Amino acid sequence: MRPASYPRFRLAAACLVGLALVLAAAQIASAGSRPPLPAMGPSLRKMVAFPTAETVGTIIIRKQEKALYLVTGRGKALRYQISVGRDGFGWTGTVQVGAKTEWPEWRPPREMRARQPELPEMVPAGPYNPLGARALYLLRDGRDTLYRIHGTNDPSGVGFDGTSGCFRLTNTDVIDLFRRVPVGTKVVVQ
């Protein structure tokens with residue numbers, strides 16, 4: 001013999017199943033109206049011999065090589081392929097990682113918006129943002145340089161001179177680098 005509450009239990013269970021189906025259908029419908037999630041891109045990093053007097057944990061960017069090196073030990077470094085600043089947007093010097101952000105928002109600098117007026121004032125944080133999966137904010141003497149080490153939603157956008165001074169990695173590689181370096185990391189741009 002079934003308890004008296006059995007019909008109510010079946011009704012509640014049916015309502016929950018119905019609600020789950022409605023929510024699933026809504027997710028499928030809304031996903032169809034959004035662009036597909038961007039590709040993370042391949043890993044272009046490898047361990048290499050790298051003689052340097054810099055300490056373990058230092059980032060060395062060699063623009064001519066389009067490479068970012070993370071010193072990992074005596075005579076060794078992880079080498080990441082990067083994109084660098086196009087003609088007129090290159091720079092050198094020593095800075096430090098002042099902040100790190102996952103899926104950062106992007107606010108094009110005023111100078112960039114003057115060159116490209118079609119750019120928005122801000123692109124919200126998330127997977128459709130041009131800075132990609134992670135960003136490391138570069139500071140000089142405690143001031144934001146407006147330059148970043150960041151990812152990209154276009155994996156083919158790595159390995160050439162094409163940025164406005166930032167250093168671009170695949171999302172896969174910037175996530176790896178992000179996990180390895182703390183705020184305060186020294187960055188030498190050559």
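**Salt bridges, core and pocket in a predicted model**

Biologist: What is the relative accessible area of Arg45, and is the residue buried, exposed or partly exposed?
Modeller: Buried means under 20% relative accessible area, exposed means over 50%, and partly exposed lies in between, using a 1.4 Å probe and protein chains only. Arg45 counts as partly exposed because its relative accessible area is 29%.

Biologist: What kind of model is this?
Modeller: Residues are numbered from 1 along each chain as its sequence is written, and side-chain values use heavy atoms, with hydrogens and water left out. Local features need pLDDT of at least 70, side-chain atom pairs count only at pLDDT 80 or more, and totals for chains, interfaces and linings use all residues, in what is a predicted model.

Biologist: Which residue meets Arg45 in a salt bridge?
Modeller: A salt bridge needs a side-chain nitrogen of Lys or Arg within 4 Å of a carboxyl oxygen of Asp or Glu. Here the N to O distance is 3.1 Å, and the partner of Arg45 is Asp173.

Biologist: How many residues apart in sequence are the parts that Arg45 and Asp173 tie together?
Modeller: Arg45 and Asp173 meet through their side chains in a salt bridge. Arg45 lies in strand β1 (residues 45–49) and Asp173 in helix α3, so the parts they tie together are apart in sequence by 128 residues.

Biologist: Is Asp173 buried or exposed?
Modeller: Asp173 belongs to a salt-bridge network with Arg45, Asp176, Arg179 and Arg180. Because its relative accessible area is 0%, Asp173 is buried.

Biologist: Which residue meets Arg134 in a salt bridge, and where does that residue lie?
Modeller: A search of the whole structure finds ten salt bridges. In one of them, Arg134 meets Glu102 at 3.8 Å, N to O. The pair links distant parts of the chain, 32 residues apart: Arg134 is in strand β7, and strand β6 (residues 93–102) holds Glu102.

Biologist: What are the relative accessible areas of Arg134 and Glu102?
Modeller: Arg134 is buried, at 11%. Glu102 is partly exposed, at 49%.

Biologist: How far apart are the C-alpha atoms of Leu177 and Arg134?
Modeller: Leu177 is in helix α3 (residues 171–180), and Arg134 is in strand β7 (residues 134–140). The two residues are 43 residues apart along the chain, and their C-alpha atoms are separated by 9.2 Å.

Biologist: Which residues of α3 are buried?
Modeller: Helix α3 is mostly covered, with seven of its ten residues buried. One of them is Leu177, with a relative accessible area of 0%. The buried residues of α3 are Asn171, Asp173, Val174, Ile175, Asp176, Leu177 and Phe178.

Biologist: Which element gives the largest share of the lining of the largest pocket?
Modeller: On a 1 Å grid over the protein atoms alone, a cavity is a set of points where a 1.4 Å probe fits but cannot get out, and a pocket is an open set with protein on both sides within 12 Å along at least five of seven lines; lining residues have an atom within 4 Å of a point. The largest pocket is lined by 25 residues, with Trp106, Pro109, Met112, Ser164 and Cys166 nearest its centre. Elements giving two or more residues to this lining are α2 (110–115), β8 (143–150) and β9 (161–163). The largest share, five residues, comes from β8.

Biologist: What is the volume of the largest pocket?
Modeller: Grid points are joined across faces, edges and corners, and a volume is the space filled by probe spheres set on the points. For the largest pocket this gives about 650 Å³.

Methods:
Helix = DSSP H or I, 4+ residues; strand = E, 2+ residues; numbered from the N terminus.
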